[in-house]
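Colleague: I'd like to learn to read a two-chain model. Could you take me through the features one at a time?

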Amino acid sequence: MAVIVPPEKTAVAQAPRRTARRSRHRPLALNVLALVAGVLGWAVVAALELVENLPTPLAVAQQAGDMVADGTLMTDTLASLRRVFLGYALGVIVAVPVGFLMGWYPTVRAVVEPYIQFFRTIPPLALIPLTVVLLGIGEVPKIAVIYLASFMACVVSSFQGVVDVDRTLINAARVLGASDRVIFAKVVVPASTPFILVGMRIGLGASWATVVAAELIGAQEGLGYRMQKASTWFEMDTIFVSLITIGVLGLLMDRLLLLAERRLTGWQERR
Amino acid sequence: MNSRISFQDVVKTFPLKGAEFTALDGVSLDIADQEFVTVVGPSGCGKSTLMSMAAGLQEPSSGRVLVDGRPVTGPGPDRGVIFQQYALFPWLTVRQNVEFGLKLAAVPTQERRRRAAEAITLVGLDDFADALPKTLSGGMKQRCAIARAYAVDPQVLLMDEPFGALDALTRVQLQDQLLATWSREKRTVLFITHDVDEAVYLASRVVVMAARPGRIHRVVDVDLPYPRTEEIRLSADFRQIRNAVWTSVYHQESTAPAA
């Protein structure tokens, strides 16, 4: 119960804005409570051996400590993060301009769209065998697959962002004397930012999901590789450490983007 | 005739399901400098299309639209446009919105600041100059849009049902403010509305349009003095003109084929 005390204390300290504070802190307190309950439940299930080979939270924590101490967790995390960032950044950098061009020029859209619609239906993971044949088993095929995953998620949303720009805003700029170039830079780009950021969040999720699978093929390090190897040795606690690390990192990255989204698109009217 | 805006036998057709839809059929109208003209008519009479063509956002299929004697070839800062949906840039503050057109016109920073501040004062938004549009009420948003149009100092104001989305009380307040603004800084105004009271209260001339095809049904002169006041709004003269306009807007069906 000690967990919920700090937020309550803040609420009391800021008495004048109590209601607003409390309503913001109550969900957080419930979040923490739910997590604690989940871990306790896990501990009970593991202690009673209701599920075969399920490690206890304590064993997982110890294994995590060991993996931090010997540096493997750091090495794996950095290897996975590096792949995600390279593939993801590349995907976003290419997808946003392509999406803009598709939205702005009907010709570009007509040329590019069939390919995008087609490749969108293929899960990036299904391309792994192909990339292995074409690009070998080094870093390149892994980054290529992640790139594709984030590109596909991002290109559609930035294209949609441009298409959905309110025509009246474009007209309003036009009657104030804006040229097409100015309209693009001063109206279309800011107006489609919310869409792009949503696409970036989806893309990040897709990249993170893809890296683990991509590491199953011929990697020497990485969280996915570690899990794959651990499963052949039946090291359940290592698998759990990797899984939890993947989840926590994914959540952190998503929150970071959400923060950026709030800052950049705070002007939006919420209805 | 020395008119600021001139529609000369304007026809506008749109392709519609393979056939041709005539939005405007032979509209001719001259608006003098500093005149306040309202256009009122049933929906589908092409009144917004008329304004769009003066703004340069649409082209006539045939006929000519002249502003200051020159054919309109596109939008320009000599004509300010105010839209029903406010069309404020939501990521810019009130001040930045008002400065938008001035920046495009490459007005030097100092003068830009001054002119934006003047326009903001003109519509009474000084306290909200640094607010984002999402924090403003509908009426304030439209005042901001009016300030944005005024800031670039256009000779012509084209207003497309600007108060249509506002509640009745706010609408009346904005009508008075618009007239006050207009009397201080006279501009030629072409004001589109579907509200008969609004049309008569604001204008020196009310153009009544008919639908299918869109055309001018009747032009009613409003011989009421400016400044217009509540007293005028409640007067018998006002009521008489209003009734005449009302009748020609809502009882024109008898002359047009049933739809």
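Colleague: Which residues of strand β6 (residues 79-82) of chain B lie on one side, which on the other, and are they buried or exposed?

Modeller: First, the ground rules. This is a predicted model, where local features need pLDDT of at least 70, side-chain atom pairs count only at pLDDT 80 or more, and totals for chains, interfaces and linings use all residues. Residues are numbered from 1 along each chain as its sequence is written, while chains are lettered from A and ligands numbered from 1 in the order in which they are written.

Modeller: Now the general idea. In a regular strand, side chains alternate between the two faces of the sheet. Strands are DSSP runs of E with at least two residues, helices are runs of H or I with at least four, and both are numbered from the N terminus. A residue is buried if 20 or more other C-beta atoms lie within 10 Å of its own, exposed if 12 or fewer, and partly exposed in between, with C-beta atoms placed from the backbone. In β6(B), Arg79(B) and Val81(B) take one side, Gly80(B) and Ile82(B) the other. All four are buried, so both faces are covered.

Colleague: Which strand is joined to β6(B), and by how many bridges?

Modeller: Two strands pair if DSSP finds at least two bridges between them. Here 4 bridges join β6(B) to strand β7 (residues 156-160) of chain B, and the two run parallel. Gly80(B) stands opposite Leu157(B) in β7(B).

Colleague: Why does Val81(B) count as buried?

Modeller: Val81(B) is buried because 29 other C-beta atoms lie within 10 Å. Next, look at contacts: two residues are in contact if their C-beta atoms, placed from the backbone, lie within 7 Å. Leaving aside neighbours within four places in sequence, Val81(B) is in contact with Val175(A), Ala55(B), Ala149(B) and Leu158(B).

Colleague: What does Val39(B) touch, leaving aside its neighbours within four places in sequence?

Modeller: Val39(B) lies in strand β3 (residues 36-40) of chain B. Its contacts are Lys47(B), Leu50(B), Leu190(B), Ile192(B), Val207(B) and Met209(B). Val39(B) counts as buried because it has 29 C-beta neighbours inside 10 Å.

Colleague: In what order do the strands of the open sheet of chain B come?

Modeller: The order is β2-β1-β4-β5 (chain B), with antiparallel pairing. Its edge strands are β2 (19-32) and β5 (70-71) of chain B, each pairing on one side only. Helix α1 (residues 47-55) of chain B packs on this sheet and touches β1, β2 and β4 of chain B. The direction of α1(B) makes about 120° with that of β1(B). Axes are lines fitted to C-alpha atoms, for helices over the stretch in contact, and angles run from 0 to 180 degrees between N-to-C directions.

Modeller: Zoom in on one pairing. Strand β1 (residues 3-16) of chain B is joined to strand β4 (residues 62-67) of chain B by 5 bridges. Phe7(B) stands opposite Val65(B) in β4(B).

Colleague: Why is α1(B) largely enclosed by the rest of the structure?

Modeller: Because 8 of the 9 residues of α1(B) are buried. Among them are Lys47(B), Leu50(B) and Ala55(B). Gly56(B) follows α1(B), with a positive phi near 90°.

Colleague: Which domains does the assignment give for chain B?

Modeller: Domain bounds come from an automatic or database domain assignment. Chain B has domain 1 (1-78 + 155-222) and domain 2 (89-153). Their centres, taken over C-alpha atoms, are separated by 24 Å. Across the boundary, 12 residues of domain 1 of chain B are in contact with 10 residues of domain 2 of chain B. Helix α5 (residues 168-184) of chain B gives the most to the domain 1 side, with 5 residues.

Colleague: How many residues of chain A are in contact with chain B?

Modeller: 15 residues of chain A are in contact with 20 residues of chain B. On the chain A side, α8 (167-175) and α9 (180-214) each supply at least two residues. α8(A) gives the most, with 6 residues. That side divides into 9 nonpolar, 4 polar and 2 charged residues. Ala, Val, Leu, Ile, Met, Phe, Trp, Tyr, Cys and Pro count as nonpolar, Asp, Glu, Lys and Arg as charged, and the others, Gly among them, as polar.
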